[in-house]
Amino acid sequence: MEEQLTERVVNIETTRGSVAVDLARAALLVVDMQNDFGSKGGMFDRAGFDTSSIRGAVEPTARVLVSARRAAVPVVYLKMAFQPDLSDLGAPGSPSRERHLGWSVGERVTDPSGRPSRILIRDTWNTDVLDELKPQPGDLVVYKNRFSGFYGTDLDSILASRGVKWLIVTGCTTSVCVESTIRDAMFRDYACVLLADCSAEPIGSDLPRTNHEASLLLVEAAFGSVSSSAQFLRALETGGI
């Protein structure tokens with residue numbers, strides 16, 4: 001049975017107008033803001049991707065985290081990671097397994113301090129959350145092994161047990177794990193607000209319309225709402241939260 005919660009409604013300005021969000025039934029998602037995607041020596045960096053957009057999303061995300069915690073909004077971190085034996089990577093020949101092996105998942109590397117680590121493997125430096133955004137006591141961490149945070153995880157049951165209906169979404173990458181999670185959330189009747197400056201996508205950044213921009217358009221058109229860190233913080237301030 002869902003806990004009876006006292007409404008704490010704030011109005012967040014989005015690209016399609018004001019949206020009323022009940023913070024008592026909201027959670028903040030931080031998707032895959034981990035070393036493999038946003039740090040020197042991580043998987044993206046080793047593959048030659050420019051991770052500056054992900055680094056650029058760190059500061060606004062940090063501000064949102066501070067305000068969300070102050071407003072007693074639950075914070076849920078999603079972390080893309082696999083078991084050391086790769087048993088959850090997918091069956092032999094499956095798209096998930098083949099594509100991730102192409103990204104050198106499981107490869108033994110050393111972290112910046114010289115300690116042994118492995119690409120996209122649980123409980124290693126590579127899958128640790130970026131230092132500036134580290135989880136705090138009371139935050140929740142959910143491991144996932146597919147792009148969507150809902151696939152094969154207990155994320156849905158965690159949110160349902162807290163009466164969550166609204167998701168404030170941040171993280172990387174916009175067109176893959178962020179968009180996949182938002183799509184799955186919408187299918188489960190969660191209402192999502194994606195904070196555009198708290199999300200990033202290095203893949204396709206040189207296209208006439210970047211993958212990041214295309215995903216913002218899709219979210220706005222079909223799967224949720226698009227806002228910004230400034231609008232989220234302003235909504236909390238205006239609402240006296």
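Colleague: How many of the 241 residues of the protein count as buried?

Modeller: Of the 241 residues, 53% count as buried, a term that means under 20% relative accessible area with a 1.4 Å probe and protein chains only, whereas exposed means over 50% and partly exposed lies in between. This is a predicted model, in which local features need pLDDT of at least 70, side-chain atom pairs count only at pLDDT 80 or more, and totals for chains, interfaces and linings use all residues. Residues are numbered from 1 along each chain as its sequence is written, and side-chain values use heavy atoms, with hydrogens and water left out.

Colleague: Why is Ser-39 called buried?

Modeller: Its relative accessible area is 12%, and the term requires under 20%; Ser-39 is therefore buried.

Colleague: What makes the pairing of Ser-39 and Asn-35 a polar contact?

Modeller: Their side chains are joined at 2.7 Å. A polar contact is a pair of N or O atoms within 3.5 Å; within protein, one must be able to donate a hydrogen and the other to accept it, and residues adjacent in sequence count only if both atoms are side-chain atoms.

Colleague: Which residues does Ser-39 touch, not counting those up to four places away in sequence?

Modeller: Ser-39 touches Gln-34, Asp-45, Arg-55, Trp-125 and Leu-130, where contact means heavy atoms within 4.5 Å.

Colleague: What share of the contacts with a separation of 6 or more joins residues 24 or more positions apart?

Modeller: In the protein, that share is 69%.
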